[in-house]
Amino acid sequence: MYANSKIPESAQPGVHEQLKAQVAKHASCTFRKPCLDYNKAAFEASLAGWDGHAPLILDAGCGVGHSTIQLARAFPDHWVIGVDQSEDRLSRKKPYPDALMPRNMVFVRADLVDYWRLMAEAGIRLARHYILYPNPWPKIGHLGRRWHAHPVFPYVPQLGGRLECRSNWNIYVEEFALALGWLTGRTVETGSFEAPSPLTPFERKYRDSGQTLYRCVVELDPQTNLEETP
Ligand SMILES: C[S@@+](CC[C@H](N)C(=O)[O-])C[C@H]1O[C@@H](n2cnc3c(N)ncnc32)[C@H](O)[C@@H]1O
């Protein structure tokens, strides 16, 4: 049945007690896992249609890609990249016929663990970066699977721009904001928000199930205006 989705259940009552140590450890060591060839090829493919000048938007973990399409329509002068590891999700039917799909976007199948590092190591800077409804991994023992406690996380703020994470689990967003704050020296605000026009299928499902939605947003390049939508 639609609109009966549950808020993640966790034995964890608040921010994970190991989070700070984990983030500090990852910030102090180099992440040495080699990037796989298929992720390198996906990285190249994601920039092949970019003119080298248009501001970049990354929709990280875009799922079926509805948010990528909406972002490309909202920012027609930007190059928008939707990355997901699931070919199945990426290839699902889109809400527009091919002829009406925006031309300023691309979908690539890649593992973000490599993709983010390839972007950072290439010196790419983003205008906007969305991490929308990442898998929450609510079990206490799964802290290291949450993006902010993963060894790749220190690369994420290096990409700059306006970074936004959304979740239906308030603890995920609080942890994400704290980890970002520790890595960047900034205070990252969190809060709940309404989604009158949901950006993603997960957002729609959670909203229609009556859940509170949470997000944190930080402007990593201070000169940019945070007020623009979506
Ligand atoms: C809960 S879904 C959310 C999808 C979409 N953002 C939405 O809100 O509808 C999380 C997505 O992250 C993707 N994902 C998880 N780990 C990933 C990784 N390491 N690299 C790329 N995508 C990943 C999954 O395939 C899945 O599509």
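Modeller: The buried residues of helix H5 pack against helix H2 (37-48), strand S1 (56-60), strand S2 (79-84) and helix H6 (155-158). Contact here requires C-beta atoms, placed from the backbone, within 7 Å; helices (H or I, at least four residues) and strands (E, at least two) are DSSP runs, numbered from the N terminus. The model is predicted, local features need pLDDT of at least 70, and side-chain atom pairs count only at pLDDT 80 or more, whereas totals for chains, interfaces and linings use all residues. Residues are numbered from 1 along each chain as its sequence is written.

H5 itself covers residues 112-121, and its buried residues are Leu112, Asp114, Tyr115, Trp116, Arg117 and Met119. A residue is buried if 20 or more other C-beta atoms lie within 10 Å of its own, exposed if 12 or fewer, and partly exposed in between. After H5 comes Gly123, with a positive phi near 75°.

H5 also takes part in the ligand site. The ligand is surrounded by 19 residues, of which Gly61, Gly63, Gln85, Thr200 and Phe202 are the closest. Two or more residues of this shell come from each of S2, H5 and helix H8 (201-208). H8 supplies the largest share, 3 residues. By type, the shell holds 9 nonpolar, 6 polar and 4 charged residues; Ala, Val, Leu, Ile, Met, Phe, Trp, Tyr, Cys and Pro count as nonpolar, Asp, Glu, Lys and Arg as charged, and the others, Gly among them, as polar.

The strands that H5 packs against, S1 and S2, belong to an open sheet of 7 strands in the order S3-S2-S1-S4-S5-S7-S6, with mixed pairing. S3 and S6 are its edge strands, each pairing on one side only. From one strand to the next the twist averages 20°. Strands pair if DSSP finds at least two bridges between them.

S3 (residues 105-109) is largely enclosed by the rest of the structure, because 4 of its 5 residues are buried. H2, another partner of H5, lies across S2 and S3 and runs at about 175° to S3. Such angles run from 0 to 180 degrees between N-to-C directions, along lines fitted to C-alpha atoms, for helices over the stretch in contact.

At the other end of the sheet the pairing is antiparallel: S7 is joined to S5 (residues 162-167) over 6 bridges and to S6 (residues 189-193) over 5 bridges. In S7, Val217 is the bridge partner of Glu164 and Arg215 that of Gly191. Since 5 of the 7 residues of S7 (residues 213-219) are buried, this strand is largely enclosed by the rest of the structure.

Altogether, the protein chain has 8 helices and 7 strands, and 38% of its 230 residues count as buried. Among contacts between residues at least 6 apart in sequence, 78% join residues at least 24 apart. The C-alpha trace spans about 50 × 45 × 35 Å along its principal axes.

Note on methods
Contact = placed C-beta atoms within 7 Å. Near = placed C-beta within 6 Å.
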